[in-house]
Amino acid sequence: MKQVILAAHFPGVNNHTVWSDPASGSQIDFASFVHLARTAERGRFDFFFLADGQRLREQRGRIHDLDVVGRPDALTVLAALAAVTDRLGLAATINATFNEPYEIARKLATLDHLSGGRAGWNIVTSSDAFTGENFRRGGFLDHSQRYERAEEFLRTTRELWDSWVPEDLVADPVAGTFAAADAGAFTHHGAQFDIGGHFTVPRSPQRYPLTLQAGDSEEGREFAASTADAVFSRHSTLEAGQAFYRDVKSRLAGHGRSPDSLKILPGVTFALGDTDAEARENADHIRRQQVSPQTAILLLEQLWNRDLSSYDPDGPLPDIDPDVSEDSIIKGRARMHRDPLKTAAEWRALAEAKRLGIRDLIIEVTGRQSFIGSPARIAEEINEFVQADAADGFILVPHLTPTGLDGFVDRVVPLLQERGVFRTDYETTTLRGHLGLENDL
Amino acid sequence: MSAASLHLAVALDGAGWHPAAWRDPAAFPKDLFTAAYWAALVAEAERGLLDFVTIEDSLALQSTRHEGPDGRTDQVRGRFDALLVASRIAPLTGRIGLVPTVTTTHTEPFHIASGLATLDYVSGGRAGWRAQVSGRGAEAAHFGRRDIPGLRPESLDDPETVRLIHELFDEAADVVEVVRRLWDSWEDDAVIRDVPTGRFVDRDRLHYIDFEGSRFSVKGPSIVPRPPQGQPPVTALAHARVPYEFAARGADVVYVTPHDAEQARAIVEEVRGIGNDVLKIFADLVVYVGEDARERKARLDELDGAGHVSDAAIFTGTPGELADLILDWRRAGLEGFRLRPAVLPTDLGAITRRLVPELQRRGAFRSGYEAATLRGHLGLPRPAGRYAGSRR
């Protein structure tokens, strides 16, 4: 039986976090991060995952104010969490456009040392001039260069991590040798980075902190297959999951890698109840809180790409068509609709058939596939996806900060353990070890 | 003399400030790259009720040459990212201030602001910043974005070097300005969680900083809400007029390097003359503390093959003699001292377990923490945000 991989996503900046719930805590106080991380570790999770942002989102030219806004610097929080956890992996999204390999390699190697080998990162790039306005280099990375930069960024960090071999750190006071003479020496000449010198951090416990990659495009799949340790994918039906899984895993051989060397980890939400019926009620309640009337209009605007503020959230869809020009009404977040006219036609048909107003339609069409049910049903479905090779595990995105994982850990994890598909205690000390990837280096 | 007003900090670097400190029998050279090593040092500093620790850093290997690596194998080489070390220690300590070094020359100001604000959150208001200019060509080559010929002490008066120093410190001043504006870019009460209107934040209490400088521009606002201290204290080491001016304009604490009380008086006068009454002036001192201080230094000098030289004055002597010196120099107008232990943990332990009790006996140092934040220890009030009340 395949073992299930589980990770916990600290709910970040999106409309899935129900901040209006009376049980909702701070998204910024360190105590919130400690609670979620310790809960995940109590549940023997593989890792804790933090998203990243470098500019506050705007829509219609104004800072978005309806969802959670504001978050800490991810790697700085993870270093602090290393002090209050022992085994849990600690991973963060890092933007390779607005960072340099030398600094990121240094920070990740430092985190790997400070956590005893528990560091991981999800490498992303941005071609976004909007975010670039906060940085010296600006936003001028052509879209076609995004994977080129990510690939070279990752390759460069690995060159830096290899610049110290374990024997370079001697620290022998009697012989009088602290480190080898050429420890840390590197040169890298590439299209994105032309650098050379000496790296300051000795070989870290994992050598290469775990690398995750998100992105479903052809380029993204190839990039993942060539170098990543895990793919942070979208969750969908069992069949679609199996198709994605087969496709990505089949690419590995072309890069000289075994199918087990890359883990497929969809991000999922979940809603629990004592019974399946109660869970569905809870899920409906959560969805209505996630999509307030104001949020419904803003989400509709993201497809229509027009100011729809004068529309009634309970009224019908606009009869004008979406604006398909390049200029986006939303800044700081990717446009999610590839063919707006086609999607709008589908939404109109659906609203017509089910007699839905704007808000109810948005609730219906923007819900992420998730696990809804009693603990027994959720454990069963998670295991089914993993055993049927639609996933190797899941990154759970709770809807409440910071207590949203409590019920899952208390009620679902024991059922997975009873089935023998999830660890009852940690068997290794490193993140690569938890995922069974320590022998790939 | 008010007991609360003498400030003491220690500067942590590797195995200590003597280049051969790692070879001392009391050192832990194999542990320098572990969290436990740093946690033990900071816990010891907190035991001594010190105001804060600084953690040295640079984006290049340590070297005896300014031009680049020296290939020496008999001294400590390699170091961690100081900000992450400070963050790793924060949950394990309760009161002491944590002041990592972050360079102003290569690090993005936006990242500096986010990282230090986050340290302030994880430490409950104990973050500070040692803002450091990098004049080393080797560091620039690690980024590949610009060439820096490198500052050499013997050519500090060359016109080209003078121009470079001005350039680096002007840039550093811009970076500090941007970081401070970003910390203020969220008003303290920006998060409103107003359920009836569905608004999580009041966007009118978030502010673009719109910084436009000759080297970079930053739009803002920060992605991190205003940190607990509002503005974590900014500190800087300064040896000459240009950095004095940088510190007086941008910092809350400046570390200076007099070699006697007379020189301390002259430096304090010069820095005060630039016109910043609230700037705290600390003197840096390398210290070997104990009855065996001179012998320890001599032994290490022999191991290293050279006498220990430093930009700061080097003290060797007993805790009582060090207390005498501190109280003497303090009359020159210094508010505090940043002590650089020559050997860790030996000289740190001598500071916390012998110097501090000696100063307490003389009524010159606190007997318990009176505040919970670094600003509190330094007697600095929490500032109002500069944009507060200005609605767009």
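Helices (H or I, at least four residues) and strands (E, at least two) are DSSP runs, numbered from the N terminus. The views show a predicted model, in which local features need pLDDT of at least 70, side-chain atom pairs count only at pLDDT 80 or more, and totals for chains, interfaces and linings use all residues. Residues are numbered from 1 along each chain as its sequence is written, chains are lettered from A and ligands numbered from 1 in the order in which they are written, and side-chain values use heavy atoms, with hydrogens and water left out.

**View 1. Surroundings of A:Gln27.** A:Gln27 belongs to the loop between β1 (5–9) and α1 (30–42) of chain A. Its relative accessible area is 6%, so A:Gln27 is buried (buried means under 20% relative accessible area, exposed over 50%, partly exposed in between; 1.4 Å probe, protein chains only). Polar contacts are pairs of N or O atoms within 3.5 Å; within protein, one must be able to donate a hydrogen and the other to accept it, and residues adjacent in sequence count only if both atoms are side-chain atoms. The A:Gln27 side chain reaches the backbone oxygen of A:Val69 at 3.1 Å, and a polar atom of that side chain lies 3.3 Å from the backbone oxygen of A:Gly70. Neighbours within four places in sequence aside, the residues in contact with A:Gln27 include A:Phe10, A:Thr401, B:Arg193, B:Phe200 and B:Pro225 (contact: heavy atoms within 4.5 Å).

**View 2. The aromatic pair A:Tyr102 and A:Phe186.** Rings of Phe, Tyr and Trp (its six-membered ring) pair if their centres lie within 6.5 Å; planes under 30 degrees apart count as stacked, over 60 as edge-to-face and the rest as tilted. Over all chains, 27 aromatic pairs are counted by this rule. A:Tyr102 and A:Phe186 form a tilted one, with 6.0 Å centre to centre and 35° between the planes. The pair links helix α3 (residues 101–114) to strand β9 (residues 185–189) of chain A, its members being 84 residues apart. A:Tyr102 is buried at 0% relative accessibility, and A:Phe186 is buried at 8%.

**View 3. The aromatic pair A:Phe371 and A:Phe394.** This pair is edge-to-face, at 5.1 Å centre to centre and 90° between the planes. A:Phe371 lies in strand β15 (residues 370–373) and A:Phe394 in strand β16 (residues 393–396) of chain A, so the pair ties together parts that are 23 residues apart in sequence. The relative accessible area is 1% for A:Phe371, which is buried, and 0% for A:Phe394, also buried.
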